[in-house]
Amino acid sequence: MSTQHDIGKEQEVPPQTLPSPHTQDTLQEEKVSPAQTFPQPPQQPPRPTRNRWFVVAAIGIVIVLILSIGAVVLVQSGQRPGVKDPAYWDPIIGTQSGVNKVESVSLANIMNTSALQALVTVRYTGTDARLDVYVFNNINSAKPTQLFKLQDLVKGDAKISGYNTVMTAEVDKNSTLNAGKSISAMTPDLFREFAWSASDGTLVQAAFPGIFPDLTRYQAEASQALVNQGQDTWKNDPQAVAKALAVKFFGWQRTLTTKVLSGGGPQDVDATVQVQEAPMQGGPQQSPSAIVTLSRLQGNTHNMWVAIGVKDGTALTLTSIQPKSLIASPVKLEGKGSAFENTVGMAYILDHLYSKVGQAIVTGKIGPGMGTVTYSTQVSYDTSFKQGPQEGIVEVQLTSPIEAGPQTAVMVKVLLDPKPVAVLGPVSCPVAAQQPGYWETVLGIDTNTGSVGMASCGNLKGDPSLQALVPVYYANGQPGTYYVYDQIAGANPVQLFKLLVR
Amino acid sequence: MISGVSTIITQDGDLYREFQWSRADGKFVQVAFPGMFPDLTRGQAEAAQAAVNSGQDSWKLDAVQTVQHWSLIGGSAKLVEGGGPNDLTAVVNVTYPEPGSPANIPVTRVTLNRLEGNSNGIWEITSVGSDWLFIYTPTSGTTISSPQTVTGFGPKFEAQIGTVYILDRLYQKIQVGDNYAMAPDGFSPSKFSLDLTYKSSIKGVTQEGLVELVHTSGASFDYGVVMVKVLITG
């Protein structure tokens, strides 16, 4: 029923026309030497003696000649071993000795045709171990065609996925995991995936459908390898995955029960699982619950389960976000939800580490404010990685006035564009700027004589930059002054406007 | 608060103001909401929209009814353009017929726009004009100060083209002294120019308001109104 489910299913079906991953061929620089491939000819002709050593030498020469002719034939037929050799690509890419060097070459059907393409990685010397990533077509020609180039991946890695996409790993220096650390202590935490686009004529970033336990294909394939070794075998159980998701994202503390609504068997590649938290003692008997849709990784019945979406049966919808779509800040979230005093709940934008990089209170737009209402809210977010989109999640939680955790939730997988856009109307403020304490510090407010109200934000200058309108109240609660600040994501917001109330 | 068009709207008692970023000035400047009725300011209009969304004042979703609710216009209203559920603009012609009045009586043309270009938005009157009665200055959206020269054009009746009013944020008439727009010569229609003094109730503050020219004559059907939205300095 869910489009999320269907899309995930399409994504994770094994490739029908593509060769298996075993067609890939990756060689490390240390493993192959050109000198070993092509034997040198003898330095001097053998002397004409009649002993058996002459015969042995003659046979040896013949063998060498045969091997040499074979090598020439191989080169002429396009199968020369040099293509797989990292050193082969150094002059093509133009690496500089002592600066950078081709590190690996992987061959695969990246363009979904019968021809092979080469994924070539170039490693730089230096403490940040930067990596450049190239994909070439026409790899046997004198001048291979460059299809794709991605540069400066700190402590980077790149490899071919089971779907013949290119997966990369790198350090996000400003992420919550790495910020403030030395390069040597930083961990690669940003994973991206690039798939061939015939219409664009290059590889374009794509979203892995999964949201949990892995947000990216790079991580998921690594997890699968561990599961194959007998670790984390709970990932082979869709109910266990759904339950773990509920604990991680909803913070449900009471007893959790699960019910498989569809699929989930040994021969299934899809599953729908309802997770339910026990009702609060003395509270309403309606249990918090959510429906988790899952797919097996790469549509393989031997593979682990990956949650690809969360939805709700009745009380909450999110209609404005398509799974795996590219979104930009601020993103408009629209749908319907069950409201109490016009409040539906909270909306979150989660980044590649599941960190909350945007949040907003979700309130009803039209209606009496109780029961089912429509909502529309524009949520701004600010990602730490600015060099390109990253995988993330849009989540809307339905909350109740008596529970800390959500009653239910909707989660959709997205690509988060780091470049903001300008929109009309109020948008949510950056997470830190939503706290009155933040503005008390900026404004130097003495909380004995005044207080800061809830700031609201918008693209007030008509460009993608965000400004905050900050109300300050007197001690008696009456409005005192309105301020507008610019550069609110920085350490030192700049005051643009001040209006004293009469 | 921040409006639906990314301006700052403030409320200070019954005073609503709107400020917009000016790229040229590098600062926020006060601006005039284009609406005249049922709301004179964006702050009031957005509050009215919220009330309509919750089921109140549904007449504000009907262009003709919106015109009919404004006592400053009155007359007989007829929708002549737009005004449908998917329209963002509407034009309503207003006349003041009486038994025995001629077929071609003066028409006051009222233009309405949906609030913030939203097809679910309430109607706001944004222009009241005609093809026979005009206010040339001040122009729409400008800031006026007392005394203000008002110029225009229209037919005269007994040397008088009409009466000019300045209405504040509460639609109260705040002009002081002579407010007759007189024809300077014997021709009709004719241009006029009038220096008008007003007295704002709030000193040192700029508020949204209207400049209104009302034409009357001996016949009740020979009636017309034109209005211009302005910012009034205190």
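So, salt bridges: searching the whole structure turns up 17 of them over all chains, where a salt bridge means a side-chain nitrogen of Lys or Arg within 4 Å of a carboxyl oxygen of Asp or Glu. This is a predicted model, so local features need pLDDT of at least 70 and side-chain atom pairs count only at pLDDT 80 or more, while totals for chains, interfaces and linings use all residues. Side-chain values use heavy atoms, with hydrogens and water left out; residues are numbered from 1 along each chain as its sequence is written, with chains lettered from A and ligands numbered from 1 in the order in which they are written.

Here's one of those bridges. A:D152 pairs with A:R130, and the closest N and O atoms are 2.7 Å apart. A:D152 sits in strand β5 (residues 145-153) of chain A and A:R130 in the loop between β3 (117-124) and β4 (131-137), so the pair ties together parts that are 22 residues apart in sequence. Helices (H or I, at least four residues) and strands (E, at least two) are DSSP runs, numbered from the N terminus.

Now, what about between the chains? Across the interface of chain A and chain B, the rule finds 0 salt bridges. It does find 3 residue pairs in polar contact there, both residues at pLDDT 80 or more. A polar contact is a pair of N or O atoms within 3.5 Å; within protein, one must be able to donate a hydrogen and the other to accept it, and residues adjacent in sequence count only if both atoms are side-chain atoms.

How many residues take part in the contact? Chain A gives 22 and chain B gives 22, with contact meaning heavy atoms within 4.5 Å. Together the two chains bury about 1,900 Å², 64% of it on carbon and sulfur atoms; that's the accessible area (1.4 Å probe) that two parts lose on being put together, summed over both. On chain A's side, A:L460, A:F497 and A:R502 supply 33% of the area that chain A buries against chain B, more than any other three residues.

Most residues other than glycine have a negative phi, and most peptide bonds are trans. Which bonds are cis here? One joins B:F37 and B:P38, with omega about 5°, and B:P38 lies in the loop between β3 (27-30) and α1 (42-53) of chain B. Another joins B:T137 and B:P138, omega about 0°, with B:P138 in the loop between β8 (134-137) and β9 (143-144) of chain B. Over in chain A, A:N342 is not a glycine, yet has a positive phi of about 75°; look for A:N342 in the loop between β15 (331-339) and β16 (343-350).
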